[in-house]
Structure formats: C-alpha cells, structure tokens
Amino acid sequence: MSLRVAVVGAGFMGQLHARVIAESPLAQLAAIVDLDADVADGVAANFGVASYRSVDAICEDQEVDATIVAVPDTAHEEPATRLLQAGKAVLLEKPMAHTLDAARRIAEVARSSRSRLMVGHILRFDPRYAGAAAQVAEGVVGEPLHVTAGRFTFRDVGTRMAGRSSPCFYLGIHDIDAMQWVTGRRITRLFARAVRTLALNSSEPPTDDAIFATCELEGGVVGNLQFGWTLPNNFPSGINARLEVVGTMGSVAIDTHDHGLRVVGATGMTIPDGLHWPETNQRIAGDLADEVNHFVDSVSNDKEFLGR
Ligand SMILES: NC(=O)c1ccc[n+]([C@@H]2O[C@H](COP(=O)([O-])OP(=O)(O)OC[C@H]3O[C@@H](n4cnc5c(N)ncnc54)[C@H](O)[C@@H]3O)[C@@H](O)[C@H]2O)c1
C-alpha cells in the first residue's frame, strides 16, 4: 500500500509538496492542515482530500502514516514534535528550526520517539551540488583552499516573509549547508554583517535584506557567504545561486543564474525555474520531487535517509 502523507502548512511550499505527493507513484495525499481555514479548505478541495486546522486531527488519524511540515520557519517546533510523538514520520522543511535550542529539542523528540525525521535540504537532491560534493570528496580539486556560496532572490519574497523569517533561514541555510557538505569542512567561526535599508523593513520584527559573512572552516579553509532578497522584481531569474570551491589541484563551480531556458515576452526576459520544481509534462519535476520521493521511499521501505 502506498504511504499516506498529510501536508501541514499549505502556503507556497506546502502546495508544491502536496502536488508532488499527489503525483507520486509511491504515495497518496491524505490531508491538508493549515491554521488558516480558507487556505486549508481551498487547497484540500483542489486535491479532493480532508482539510484540518491543526495537527491534532492528524496525530490521532490512523490513516496518516507520514507528514510534510511546511509551516513558517519560526513555527516548526510545535507541529514537528507533536507529529513525531504521535508516531508519524516527518519531512520537515529547512531550516530545521529558527534557534539552536528548538532544533535540539526536535532532534531529541525524534530520537526518543523513534519516529523518522528528515530535514528537507533540497540542494542535497540537486545534481549540480551533489556532483560538486562528489568531485571534492574524490579529491579531484585536491585540498580545498577557499569556498564561496550564496543566493539572491526577488524583493517580493522578502516582503512576503518580512517579520516571519530572515534571508539566513529562508535562503542562506541552503548555502551554509552546501559550503560545509561540499568541502567536507565545518564552519568554525564567522563574521557577518547585514544590510537593512529596503522598505520591507518597516516590518516587526525588522527583517534583514541581505547578509554577507567571512568564514573560517576546519583545516584552514576560508569562505565567503552572501545571500539576500534584494533583486528587483523584474530581474529575469528568482534563483540566482553560486558555489565555488578552489583547491590545491583544481576547482568546482556552480552558477544557477541561467537555468537553460530564456523566455522573452512583452515585459522583458524571464529565466524560469529549471532546477527546483519545474513543471515538466504536467508534473512537478526536479530537486523537490526527488527529495519528497526519497523521503517516501525511505519511510515505506525502511531504508536509511541520505547520509551526510
Ligand atoms: N526548500 C526550499 O527551497 C524552500 C523554499 C521556500 C520555502 N521553504 C520553507 O518552507 C516553509 C514554508 O515556507 P512558505 O514560503 O511556504 O511559507 P508560507 O507563509 O507561504 O506558508 C506557510 C503556511 O503555514 C500555515 N501555518 C502557520 N503555522 C501553522 C501551524 N502551526 N499549523 C498549520 N499551518 C500553519 C500558514 O497559515 C501558511 O498558509 C519555511 O520553513 C520555508 O523556509 C523551503
């Protein structure tokens, strides 16, 4: 029988997850949960599944095996821990939590409940980043010397997230993870500065526009992180990411500014997403579908999740 999966948080990301589950040959969508009744009912009706306001209903529902938690960064702990305690497998959107203590509490509940927890780091399923990590691990570039990683997106994303997230949690967590994963070195120390001048910062609490950091990593490696939601909304691409590792023998570099498809219309050029969740032949393809199907397959067949 296919895994029955409920999606908790039916905003931008939750709706994509719901669609990937509905299209997956390995799973079926069981329910939609959202605090906002209109959102929950509307999204659930699109998929013809049950709609709930809180995870209470899911915790008690024997017809739900697993869940995807896609609520805002600051709200991850409560639904994730309650679902794990109820014996449900959880795919938790990144960042695991918005504080170290909350992340540790979630990890502790996962350990003690023996429910399965996977944090959704989408770049782990991106062939470019996984390819770079494999090349560095095989020694192709020699010993890493320095590494640069970052991403920039539209101002509209910051306006939507103002007061509820930060460029660090929403964007930079991808690059912080990738920098350490690809080089195989942990960040040991960093110096960071934020800029906070755009209009979106009338929010409460105030929200950074962009963050730049100089990093020290294990083994004397130095790095640079930069991320933000500062691009004008008419910028052609919303996913502008890069990573470069230079080592003693060579280098690896990723530039996702150009996704390979350029469209010129009446309002100018756009470069649609060709990486994370592009629609291909009426289905969501790309990294997100691979991530979700990996979670479903691992839970269904009692396999290990991807390692470090
Ligand atoms: N993997 C990626 O590339 C990627 C991209 C974007 C966002 N994200 C992550 O996905 C998560 C959601 O982001 P988003 O952009 O979809 O946010 P969003 O604001 O669009 O949607 C969040 C939804 O959660 C609902 N909600 C809030 N608290 C809830 C609770 N306790 N129980 C049930 N519903 C609740 C809200 O009503 C809202 O509909 C964040 O953690 C974000 O960092 C990941």
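Predicted model: local features only at pLDDT ≥ 70, side-chain atom pairs only at ≥ 80, totals over all residues.
Student: What percentage of the residues count as buried?

Tutor: Of the 308 residues, 43% count as buried. As for contacts between residues at least 6 apart in sequence, 66% of them join residues at least 24 apart.

Student: Which domains does the assignment give?

Tutor: Domain 1 is made of residues 3-123 + 282-300, and domain 2 covers 127-274. The centres of the two domains, taken over C-alpha atoms, are 25 Å apart.

Student: How many residues are in contact between domain 1 and domain 2?

Tutor: Eight residues of domain 1 are in contact with nine of domain 2. On the domain 1 side, the touching residues divide into three nonpolar, three polar and two charged.

Student: Turning to the ligand, which residues are closest?

Tutor: The closest are Gly9, Gly11, Phe12, Met13 and Glu93, out of 26 residues that surround the ligand. Helices H1 (12-23), H4 (77-85) and H8 (167-183) are the elements that give two or more residues to this shell.

Student: Which element gives the largest share of the shell?

Tutor: Helix H1 does, with three residues.

Student: How do the residues of the shell divide by type?

Tutor: The shell has 15 nonpolar, five polar and six charged residues.

Student: Now the backbone. Where is the cis peptide bond?

Tutor: The bond from Lys94 to Pro95 is cis, and its omega is near -15°. Pro95 sits in the loop between strand S5 (89-93) and helix H5 (100-113). For context, most peptide bonds are trans, and most residues other than glycine have a negative phi.

Student: Is Arg114 buried or exposed?

Tutor: Arg114 is exposed, because 8 other C-beta atoms lie within 10 Å, and a residue counts as exposed at 12 or fewer.

Student: What about Gln282; where is its place?

Tutor: Gln282 is in the loop between strand S15 (279-280) and strand S16 (283-284). Its phi is near 65°, a positive value in a residue other than glycine. Gln282 is exposed, with 6 other C-beta atoms within 10 Å.

Student: Next, helix H9. How far apart are its end C-alpha atoms?

Tutor: They are 20 Å apart, which agrees with the 20 Å that the 14 residues of H9 (residues 287-300) should span at 1.5 Å a residue.

Student: Which residues of H9 are buried?

Tutor: Asp287, Leu288, Ala289, Glu291, Val292, Phe295, Val296 and Val299 are buried. An α-helix has 3.6 residues a turn, so residues three or four places apart point the same way.

Student: And what follows H9?

Tutor: Asp302 follows H9, and the phi of Asp302 is positive, near 50°.

How values were computed
Residues numbered from 1 in each chain as written. Domains from an automatic or database assignment. Contact = placed C-beta atoms within 7 Å. Nonpolar A, V, L, I, M, F, W, Y, C, P; charged D, E, K, R; others polar. Near = placed C-beta within 6 Å. Helix = DSSP H or I, 4+ residues; strand = E, 2+ residues; numbered from the N terminus. Expected span 1.5 Å × (residues − 1). Buried ≥ 20, exposed ≤ 12 C-beta atoms within 10 Å, placed from the backbone.
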